[in-house]
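User: Could you walk me through reading a few features of a model like this one? I'd like the general idea each time, then the case at hand.

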Amino acid sequence: MRQIAFFSQKGGCGKTTSCVNIAAALGDMGRRVLAIDLDSNACASRTFGVLEDLENSVAAALLGLRPLADVIIPTAIPNVWLSPGAADLHGLEGAAGIADANRLDNSGRLSPIALKLELERLDPAQFDYILLDCAGGHPFIAHLALLACDEVIIPTGLSVYDLYAATPAMHLILMAREVRGDDKPEFLGFLPNGAGRQGVSERIQSKLDQYALPCLSPIRHSELLKTLAGQHDVLKRFVVLSRRKSAVAASFEQVAREIDSGVADEKPVEVAESVEVDDVMATPISEEGPQAKPLDSDVP
Ligand SMILES: Nc1ncnc2c1ncn2[C@@H]1O[C@H](COP(=O)(O)OP(=O)(O)OP(=O)(O)O)[C@@H](O)[C@H]1O
Ligand SMILES: [Mg+2]
């Protein structure tokens, strides 16, 4: 049972979109996938057409109110299950009245290993993958996820500002490794999100390459992903299923295959601690990015 976090403290870089679509792609490959929505906005849950309250959410499991196994529901997507998010995930670190002493840290607050404890209670034969959709800009949730998961993917948009998030995200991964003392989580790769027909622009790719870290194949930009977000047809939001032949679906499938085949195992896993964003950004970035190109990724 592989446990992979889609993590970045940068908001809007594609954590949720890639987490749920890669869940669907892995499900389509016959893998059994549990998606855990760790965002108080519950965007992943909404994508599945689910909106739950505290009692039926992963927050209840983290607080020790119910076992995680009891807050897992099937979804409309084949082979994909969901542990929904809820508004209560916000402010979880200050939660009071937690009865289970294992759930408390030294100062009497919810322990950041609460998620790890819950994942350990699951039957390891139940799922092939657990995908964690982290909340942007929520340090406690990030800590929960990084102390619990085995592997991390950092989705990143393709602007300079997006790349500024890469170094601090890597440092948080290193900090989690230090706390755990077990070389986990492993860094599976950056996941460039929003590429045009030409892929990631050479300049941005060269900046990512300077980290000397694994990089998964890019996810294509899709107007559909944006415009369908607010609508009610759940299945359409999963472009890997609703637009099987589109370029964006193919890009999610490609990444799902890369994850499944363990391609990252063959890549370097050491984190380059010394890469400074300002060094990485030394050369100017062209104004012309993938998003400026015609949007053609929703069609074959
Ligand atoms: N490949 C893509 N093509 C087009 N739009 C995309 C793509 N990926 C994500 N988006 C859109 O970008 C926005 C942000 O994406 P998403 O919610 O996945 O980011 P996030 O990192 O989960 O954000 P947050 O930090 O708020 O949780 C959404 O409107 C989504 O539909
Ligand atoms: Mg999100």
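Predicted model: local features only at pLDDT ≥ 70, side-chain atom pairs only at ≥ 80, totals over all residues.

User: Where in the fold is R220 found, and which backbone oxygen does the side chain of R220 reach?

Analyst: R220 is part of strand β8, which covers residues 219-220. Its side chain comes to 3.3 Å from the backbone oxygen of G196.

User: Okay, pockets next. How do I read the second largest pocket, and which residues line it?

Analyst: The general idea: rolling a probe the size of a water molecule over the atoms shows where empty space is left. Here, the second largest pocket holds about 150 Å³ of space. Its lining includes F7, S8, Q9, H138, H143, L172 and M175. Helices α5 (139-148) and α7 (166-180) each give at least two residues to that lining, with α5 supplying the largest share, 4 residues. By type, the lining splits into 7 nonpolar, 5 polar and no charged residues.

User: And helices? Which residues of α12 are buried?

Analyst: In general, an α-helix has 3.6 residues a turn, so residues three or four places apart point the same way. In α12, the buried set is A247, V248, A249, S251, F252, V255, A256, E258 and I259.

User: What span should the 14 residues of α12 have?

Analyst: At 1.5 Å a residue, α12 (residues 247-260) should span 20 Å, and the C-alpha atoms at its ends are 20 Å apart, so the two agree. Just past α12, G262 adopts a positive phi of about 65 degrees.

Note on methods
Residues numbered from 1 in each chain as written. Chains lettered and ligands numbered in written order. Heavy atoms only, no water. 1 Å grid on protein atoms, 1.4 Å probe; cavity = no way out; pocket = protein on both sides within 12 Å on 5 of 7 lines; lining within 4 Å. Points joined across faces, edges and corners; volume = space filled by probe spheres on them. Nonpolar A, V, L, I, M, F, W, Y, C, P; charged D, E, K, R; others polar. Expected span 1.5 Å × (residues − 1). Buried < 20%, exposed > 50% of the residue type's maximum accessible area, 1.4 Å probe, protein only. Polar contact = N/O pair within 3.5 Å; in protein donor to acceptor, adjacent residues only side chain to side chain.
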